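Biologist: I would like to learn how to read a few features of a structure, one at a time. Please give the general idea, then the case at hand.

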Amino acid sequence: MSKVKITREEALAFHLEPSPGKFEVRATVPMNTQRDLSLAYSPGVAVPCEEIAENPELAYDYTNKGNLVAVISNGTAVLGLGNLGALGSKPVMEGKSVLFKRFADVNSIDIELDTEDPDAFCQAVRLMGPTFGGINLEDIKAPECFIIEQRLKEEMDIPVFHDDQHGTAVICAAGLINALHISGKKIEDVKIVLNGAGAAGIACLELLKAMGARHDNCIMCDTKGVIYQGRAEGMNQWKSAHAIATELRTLEEAMKGADVFLGVSAKGAVTQEMVISMADNPVIFAMANPDPEITPEEAHEVRADAIVATGRSDYPNQVNNVLGFPYLFRGALDIHARAINDEMKIACAHALAQLAREDVPDEVALAYGKNLSFGRDYIIPTPFDPRLIHRIPPAVARAGMDTGAARRPIIDMDAYEQSLKSRMDPTANILRGMNARARASQARMIFAEGDDPRVLRAAVMYQRSGMGKALVVGRTEDVRAKLDAAGMGDAARELEVVNAANTQHLQTYKDFLYNRLNRRGFDAQDVHRLAARDRHVFSALMLAHGHGDGLVTGATRKSAHVLDRINHVFDADAQHGAAGITAVLYKGRIVLIGDTLVHEWPDAEDLANIAEHGANVARHMGLEPRVAFLSFSTFGYPVSERAEKMHQAPRVLEKRGADFEFEGEMTVDVALNVKAQAAYPFSRLTGPANILIVPARHSASISVKLMQEMAGATVIGPILTGVDKPIQICSTVSTANDILNMAVLASCEIG
């Protein structure tokens, strides 16, 4: 994966829009009627309060405690930025909270404590203990982080986990298990050199020793050299625990004959000469961020047999904490654990190592744009492997149960694993897969409305995200001024601005357009005005002549107007079989609704065509199509002339021999609800429909906008299908991110 360039302006906009911050809190129970309020609060709430007061364990049943983790920091060691203070750390802690939710469906809240006093910090966290099922400590400087974690572990009866220490240690251990497997070495035999005696480094060495590494084989170094028995300078009790009897004094000396190097220190700390001096098949985990102690290129230049891992996503073998902490807490919470102990961490490491040795699912290869298989460049699973959620937490839970950490053991592990699979949000995988395909296609994307700041921001994001080349239609000076005003003036050098005045193809475009429109009442002057002055027509002509690979437009004009202009160049109308399919994403579900753009009042044949277009879009998104033709009646009842075409459309597909599931006519609840479908055992649908074909464009539009406004659903589309070239039309209320999504669709040639 290429390293994505992100500007300060983009980062700030991401945290500002659509609302400040990165998450919000929503109710999980009805809060609509007086009865709802009476149950949620007074007097109904008194009942679970009394039950919990009598039996505290029931808090896991009657409150959100069992799936709630606090991410807590005082901001004294924020990423690589140092001591930014409690408030300065809040964006990072919010980010950690949403990672918990995204990867393991763990609810999380960030808490920033404005104190550097370990006693005050511990007192505050301990007093909040009844609220949470676990505590994730983050970005606290050493040595205070050791003191705080140890005290809280002793004083609290829920898991307390400092991720900067143990998260890194677990992923490092997982990678080392596989690296040693490849090199044919055993952990108890290898010589390990660690550089960086801070929180993460010490935790890494402690976990490896718990897994079998011998104390005398492990050499810890800091900025002053080897930590040896008798050294006084720069020592503390945590370093002293790892001091060994040795004559070695420098990192360079320690590296001679070493089997493993672990680095959590600084850029350039390891030289090529040090790597040359290591044992055969050396393992080098250069985990300093953002720049490793030595790059993989530098290491492999002198040692082709080296197995190298870093903390970066643009190199193979990324040691990424997100592989660990969400799933460790998921497993711990699900057994109501008292703690996350070494055995649970080791179980997590072994489960991750085992997963990396197995065949990699197609969706992972798609997301990374290449096939991955166990070997020197793939010893750690990728963060987007969909198996993580149902493979790692059970291993952690079993270890917790075996070691007595569980308050409530899991009886049926098979059922537990199935429940974990259902927690995955399929929409995230779909969007990630589309982005990966866009990067692979490297399409030259035409952005027709270069005078709009949202379009320009989307074009910049498209290009800087490695999707391909952005071609912006507009006046050069206009585009520069708009970019400057949006805080993206540096992007003016990157984007290619195209217009009628600077293209050598204008006459070719006009000739093409005249031949196409001269029998529709357009003369030469009309054609000149369209080709030279209408950006939608000009952009469509660029696409038609291969001067771009895809087109995104519609952010500044109504879709009907834009579609009319595009039809001057392409056959993008109902008569020629075009259709508009809109994707609606909500609470982990995705449905496609058609036709939202082209057909105003389709007949049965049109509806069948729309269904086929919808099936194609679904397959492009990685979905197995299940089509439902919707009406107010189900399978002929109540009888209505207006429902007849919805009744006939499935018969049209039958005659065509459609190769996907379809059924109708039916009400929307029957289409989407498995329980409602049970009343119709003859139905051809094997599950909830994911493509909804509605009677007319107005009903499609109403359905989409109702879901968007009332439920807050994410809407992608309408996706224009059935046209010779990839063209996507945004809505006038689109954000820059919405426009970028449409560009991604176009580059994937969905449609």
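Biologist: With which residue does arginine 312 form a salt bridge?

Modeller: Side chains of opposite charge can pair when their charged atoms come close. A salt bridge here is a side-chain nitrogen of Lys or Arg within 4 Å of a carboxyl oxygen of Asp or Glu. Arginine 312 pairs with aspartate 314, and their closest N and O atoms are 2.6 Å apart. This is a predicted model, in which local features need pLDDT of at least 70, side-chain atom pairs count only at pLDDT 80 or more, and totals for chains, interfaces and linings use all residues. Residues are numbered from 1 along each chain as its sequence is written, and side-chain values use heavy atoms, with hydrogens and water left out.

Biologist: Is arginine 312 buried or exposed?

Modeller: Relative accessible area decides that: under 20% is buried, over 50% is exposed, and partly exposed lies in between, with a 1.4 Å probe and protein chains only. Arginine 312 has 14% relative accessibility and therefore counts as buried. Aspartate 314, at 22%, counts as partly exposed.

Biologist: Which parts of the chain does the salt bridge of glutamate 358 with arginine 391 link?

Modeller: The closest N and O atoms of glutamate 358 and arginine 391 are 2.6 Å apart. The pair links distant parts of the chain, 33 residues apart: glutamate 358 is in the loop between α16 (342–357) and α17 (362–368), and arginine 391 is in helix α18 (residues 388–402). Helices (H or I, at least four residues) are DSSP runs, numbered from the N terminus. Glutamate 358 is partly exposed at 24% relative accessibility, and arginine 391 is partly exposed at 26%.

Biologist: How many salt bridges does the rule give?

Modeller: The count comes to 43. Among them is the one between arginine 565 and aspartate 564, at 2.9 Å from N to O. Aspartate 564 is partly exposed, with 37% relative accessibility. Salt bridges with shared partners also join Lys90, Glu94, Asp110 and Glu112 into one network.

Biologist: What describes two packed helices?

Modeller: The angle between their axes and the distance between the axes describe them. Axes are lines fitted to C-alpha atoms, for helices over the stretch in contact, and angles run from 0 to 180 degrees between N-to-C directions. Helix α27 (residues 604–620) and helix α28 (residues 644–656) have axes that come within 8 Å and cross at roughly 60 degrees. That makes α27 oblique to α28; angles under 35 degrees count as roughly parallel, over 145 as roughly antiparallel, 65 to 115 as roughly perpendicular and the rest as oblique.

Biologist: Which residues of α27 and α28 make the contact?

Modeller: Contact means heavy atoms within 4.5 Å. The residues include Leu607 and Ala611 of α27, and Met646, Val652 and Leu653 of α28. The contact residues divide into eight nonpolar, two polar and four charged. For these classes, Ala, Val, Leu, Ile, Met, Phe, Trp, Tyr, Cys and Pro are nonpolar, Asp, Glu, Lys and Arg are charged, and the others, Gly among them, are polar.

Biologist: At what angle do α1 and α21 pack?

Modeller: Helix α1 (residues 8–16) and helix α21 (residues 453–464) pack at about 115 degrees, with their axes 12 Å apart. They are therefore roughly perpendicular to each other. Glu9, Glu10 and Ala13 of α1 meet Arg457, Met461 and Arg464 of α21 in the contact. Those residues divide into two nonpolar, no polar and four charged.

Methods: Helix = DSSP H or I, 4+ residues; strand = E, 2+ residues; numbered from the N terminus.
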